[in-house]
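Please read it alongside the sequence and the model shown here.

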Amino acid sequence: MTTSAGDIKREQSRNGLVVTRITQFIGKMNIAPLPRNYELIYEILSGHNPAMGRDILALGNAPQQHEIDIIGQRHNLPGFSRIEAEQMAATAFETLNQISARLEAGLQRSETFVTSLAEEDHDEPPSLERLAQLMGDIREEQTSLKHFISMGLMKIREVEKRRAELQANSLRDALPAFLEKLEDLFSGDQAPSATSLVLLNIDHFREINGKYGPTAGNKALRRFATLFRKTIKKDDFVARIGGNEFAFLFAGVSQNTAAAIAERLRQNVAALRFVTSEGEGEHLTVSIGVAAVDGTATPAEFFGHAELALLSARCGTRNCVIGYSRDVAQHSRSSYLAQLGC
């Protein structure tokens, strides 16, 4: 069946950032309009994470924010990872306070032991039994204090390790900063030009997480983060906008040039090897969609073009780069998602 230009344009207008739907969903569910909640609802409504959508709906109407935070952290969303990192920092600080208080209490008890010994009758030296009792009390207190400090320091090391992982998982300010960048492109009097958007999805990443656990997934994300930072120039922008999806904005770059950059990035990712706890090596791949801002009228349309290109790449062989084109636009977003089983 032939699709008319009008049909394509109407379909394009339905694609993109679904900001209105996000606002409506948040209002209907009585969810606090926080930036990290917008990030979570976007991830659900875009069809990227049906499991997370089921988790949120299971909370019912007007869920508590801490319940939402648990779900966002469970699915490794950047905004929620930062919240967890802050909580980890507070936990480490509280553990240090507890160690300090226990040290002070231990010193006071030791001084009490010594004082009690000094205040006893000096006419008769303390018996060996009394000295043994006091030394035993002091030794017991020191042993208990040593164990408490050892456990506290172990907890702090674990907390700091987890906090470092969470911080490494987030590139820039994630989805809110990305949305702001898109809005800025269209905020001037003149139509935007010479900017390309690249959307990158890690192929089968959730299967890797399920097979090897989130620790292995976090290590892979840190490797990706390092590689992605080396890819961009000063005026470019990269953000993790989903659990396994990244967005790049290349200023002053045409779609063809952006596609060439994306192809080099795809090859560099394919060359990486991720060693798991079992000692096995995994080669991850990425699917990439590319679109130029030229000819688009809104941030939603610009994003929609790149998203259709990415979905086309994911519906094909994966591990490839697809640029937005008339052929890509012939298929609707919903039809792509249906092919992916979303």
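Phe-250 has a relative accessibility of 2% and therefore counts as buried, where buried means under 20% relative accessible area, exposed over 50% and partly exposed in between, with a 1.4 Å probe and protein chains only. This is a predicted model, in which local features need pLDDT of at least 70 and side-chain atom pairs count only at pLDDT 80 or more, while totals for chains, interfaces and linings use all residues. Residues are numbered from 1 along each chain as its sequence is written, and side-chain values use heavy atoms, with hydrogens and water left out.

Rings of Phe, Tyr and Trp (its six-membered ring) pair if their centres lie within 6.5 Å, and planes under 30 degrees apart count as stacked, over 60 as edge-to-face and the rest as tilted. By this rule there are seven aromatic pairs. The pair of Tyr-42 and Phe-303 is edge-to-face because the ring centres are 6.2 Å apart and the planes stand at 75°. This pair links distant parts of the chain, 261 residues apart, with Tyr-42 in helix α3 (residues 35–45) and Phe-303 in helix α12 (residues 299–315); helices are DSSP runs (H or I, at least four residues), numbered from the N terminus.

The rings of Phe-248 and Phe-250 have centres 5.9 Å apart and planes at 10°, so this pair is stacked. Both residues belong to one aromatic cluster, formed by Phe-224, Phe-228, Phe-246, Phe-248 and Phe-250.

| Residue | Relative accessible area |
|---|---|
| Tyr-42 | 3%, buried |
| Phe-303 | 0%, buried |
| Phe-248 | 0%, buried |

Methods. Helix = DSSP H or I, 4+ residues; strand = E, 2+ residues; numbered from the N terminus.
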